[in-house]
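Reader: I have a model open and would like to go through it with you. Can we settle the terms as we go?

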Amino acid sequence: MKIATFNINGVKARIEALTAWLTEASPDVAVLQEIKSVDEGFPREAIEALGYRVETHGQKGFNGVALLSRLPIEDIRRGLPGDDSDEQSRWIEAVIAGDHRPVRLAGLYLPNGNPAPGPKYDYKLAWMARMQARVAEVLAGEEAAIFAGDYNVIPTPADAARPEAWVTDALYLPETREAFRRMVNLGLTDAFRAREPRPGHYSFWDYQAGAWEKNNGIRIDHLLLTPQAADLLADAGIDREVRGREKPSDHVPVWIELEA
């Protein structure tokens, strides 16, 4: 089972790039972030034509997540538990039917948090605490589960080409990285790092200042696995070359393959 995460940065603006990547990479399941579309406006026909079922949790103009699956899916949930007043569309979750066992998949778009300090950063940390509670709940159920998406977290200095440029940014502040570690330390595995421990691998390059051409990137798109899912991990990678194509997102797909 190949599962990918991709912050598409506007699905309508990049539908051609998305369908080209889906055709080429052929993931069984993909979660998207920043679709920037309400549910009824999502360009589902082009994706359904490739054999995917489409589930969305959209929002007008910004945020929004989606789940694309060629495999049967059930138990679809929209919204991160823990705050009924939160109207931002950042979480979609479902159970995917694998050949041998089901896999729970959560697609997430964690808040950016800038400027920090401030209310946006407070929201980011509160959101991460809510996610930690959901992770703990899933871990207690001993399911094979994946938490995949744009975390807006640079976990370590090795995950940035120029870590010194991010020291005051919400993506790299000590409180952000500590919150991320608390989640991982519950018992999750960073799938990409399990396969590739060396630095120099990124999933985001800003549109400004020639970041792509200089390889001035950061790794902020992650797939975290419960022990039951980590036991099934066969491979992981980043489709780096997608960033160099026409009208790209500033993120690229990150994927795993499970023996499931």
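Author: Contact means heavy atoms within 4.5 Å. This is a predicted model, where local features need pLDDT of at least 70 and side-chain atom pairs count only at pLDDT 80 or more, while totals for chains, interfaces and linings use all residues. Residues are numbered from 1 along each chain as its sequence is written, and side-chain values use heavy atoms, with hydrogens and water left out.

Reader: What do the buried residues of α4 pack against?

Author: They pack against α3 (119-140) and β10 (221-225). Helices (H or I, at least four residues) and strands (E, at least two) are DSSP runs, numbered from the N terminus.

Reader: Which residues of α4 are the buried ones?

Author: In helix α4 (residues 174-184) they are Thr176, Arg177, Ala179, Phe180, Met183 and Val184. Buried means under 20% relative accessible area, exposed over 50%, and partly exposed in between (1.4 Å probe, protein chains only). Seen down the axis of α4, the buried residues fall within an arc of 160°, so they line one face of the helix. That arc is taken over the directions from the helix axis to the C-beta atoms.

Reader: Switching to strands. How many residues of β1 are buried?

Author: Six of the six residues of strand β1 (residues 2-7) are buried, so the strand is largely enclosed by the rest of the structure. Lys2, Ala4 and Phe6 point one way from β1, and Ile3, Thr5 and Asn7 point the other way.

Reader: Which strands does β1 pair with?

Author: Two strands pair if DSSP finds at least two bridges between them. With strand β12 (residues 254-258), β1 pairs in the antiparallel sense over four bridges, and Ile3 stands opposite Ile256 there. With strand β2 (residues 29-33), β1 runs parallel and is joined by five bridges; Thr5 has Val31 as its bridge partner.

Reader: How does the chain cross from β1 to β2?

Author: The chain goes through helix α1 (residues 15-25), in a right-handed β-α-β crossover. Right-handed means that, with the strands pointing away from the viewer, the path from the first strand over the helix to the second runs clockwise.

Reader: And β3, is that mostly covered or exposed?

Author: Mostly covered: four of the five residues of strand β3 (residues 53-57) are buried. Five bridges join β3 to strand β4 (residues 65-69), and the two run antiparallel. Val54 has Leu68 as its bridge partner in β4.

Reader: Last one. How many helices and strands does the protein have?

Author: Six helices and twelve strands. Of the 260 residues, 56% count as buried.
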